[in-house]
Amino acid sequence: MPSAAPEKALLVGVGLKREASLTASSLEELERLAETAGARVVGVFSQLLARFHPASLIGEGKMEEIAAAVKSLSAGTVIFDMELSASQQRTLEKFCKAKIIDRTRLILDIFAQRARTSEGRLQVELAQLSYMLPRLTGAWRGFSQQVGGIGTRGPGERKLEYERRHIQYRIIHLQHELERVRRDRELRRERRLSVPVPQVALIGYTNVGKSTLLNALTRGAPVYADDKLFATLDPTSRRVRLPEGFWAVMTDTVGFIQRLPTNLVAAFRATLEEARWADCLLLISDASSPDRKSQEEAVQGILKDLGAQGVPQVKVLNKADRLPASERRGLQHEEPGALLVSAATGEGLPEALKKIQGLLSRRWLLRELDMPYSAKAAVAEVYRSCQVLSVKHLKDRARYRLRMTQENWERLQAKTKAQR
């Protein structure tokens, strides 16, 4: 059976005159988002305003232009690069005679397509319902119950009111489910803190190559990576061996984006908060992107909202293989502390691992401990709570070279003294 033709869509970028460059870059991003969602873009419009029109966001002249394009191009959808209120959406749909969606709805649709785990689906559904609730309209006003409630007369509950109440109940249920997920995460995090494996979170804008970089660094089971926005949504973790020989766990997180919907950040907070508890953040940017600075600002803004801006960071400029030599030199002069790497060619990856190891070494301390061969229980505790880098066998004891947190070191000293 042949697949359905992609839906034709018109894109509309709207912004204030003082934000012309942001509006232009955001509109380019919207086009990629639309293509990622499966739409075929047949026209692009843009308008810079001194102030937004409260009833329709854009002026009447621009609405007439869009309505004419909808008719001539047979476009079924018009996508606005800003969040629309329910009344603005109704006004635009009535005028343009087409389905009107905004940037938030488009991103939610992409997330719904990409969510694979049960937690991801819960988070997406909560964000969708939170977005939908204030946008319910009285489209079903003809439906009403034949009998009112006890002690009442006249028409009963309208379908609109029923739908709104049903969605509110579902939102409460999803919030409880995600609270349970959050508690489970906290328990796993507490157990993980007692296990000798440092955590590294890969953070960055969408489509900067996080998954490809994770594959290149870990060389284990490959993580799905594609040249698409939000190619991976659910977080994936892999072990990586650092140059000194000890292990870390790297987690690929959902990519950020400009104007990321607030309710989506709230829904994915349980996942995104992993960044707060990481020992190190691998902050990845696309070195070849002309919008790199604004993308980095968007990422730092979300990290600040999550309370993760204080976590040690290693700044990585990926896709360096796409830069000519002159631009590479300029970027190295502009960003002396950043690492130029290429996940595609392997350039700069050993230096990145060394930099990560250096940051982790501030928390994961290098220690030596002598243990007599008879202290078997204490030796078992060493292997349980530390990463053993090497063991040197002496005449009456073994000398362990270890990596561990200060908390585990103090706990280990107390236990081994008691067991000797």
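This is a predicted model: local features need pLDDT of at least 70, side-chain atom pairs count only at pLDDT 80 or more; totals for chains, interfaces and linings use all residues.
Helices (H or I, at least four residues) and strands (E, at least two) are DSSP runs numbered from the N terminus. An α-helix has 3.6 residues a turn, so residues three or four places apart point the same way. The twelve residues of α4 span 17 Å from first to last C-alpha, close to the 16 Å expected at 1.5 Å a residue (1.5 Å times one less than the number of residues).

Local features need pLDDT of at least 70 and side-chain atom pairs count only at pLDDT 80 or more, whereas totals for chains, interfaces and linings use all residues. Residues are numbered from 1 along each chain as its sequence is written, and side-chain values use heavy atoms, with hydrogens and water left out.

Four strands form an open sheet in the order β2-β1-β3-β4, paired in parallel (at least two DSSP bridges between two strands). β2 (40-49) and β4 (99-102) are the edge strands, each pairing on one side only. Strand β3 (residues 77-80) is joined to the parallel β4 by four bridges, and I79 stands opposite I101 in β4. Helix α3 (residues 86-96) packs on the sheet and touches β3 and β4 (heavy atoms within 4.5 Å); its direction makes about 145° with that of β4 (lines fitted to C-alpha atoms, for helices over the stretch in contact; angles from 0 to 180 degrees between N-to-C directions). Helix α4 (residues 103-114) lies across β3 and β4, at about 85° to β4.

In α13, L349, A352, L353, I356, Q357, L359 and L360 are buried.

How values were computed:
Buried means under 20% relative accessible area, exposed over 50%, partly exposed in between (1.4 Å probe, protein chains only).
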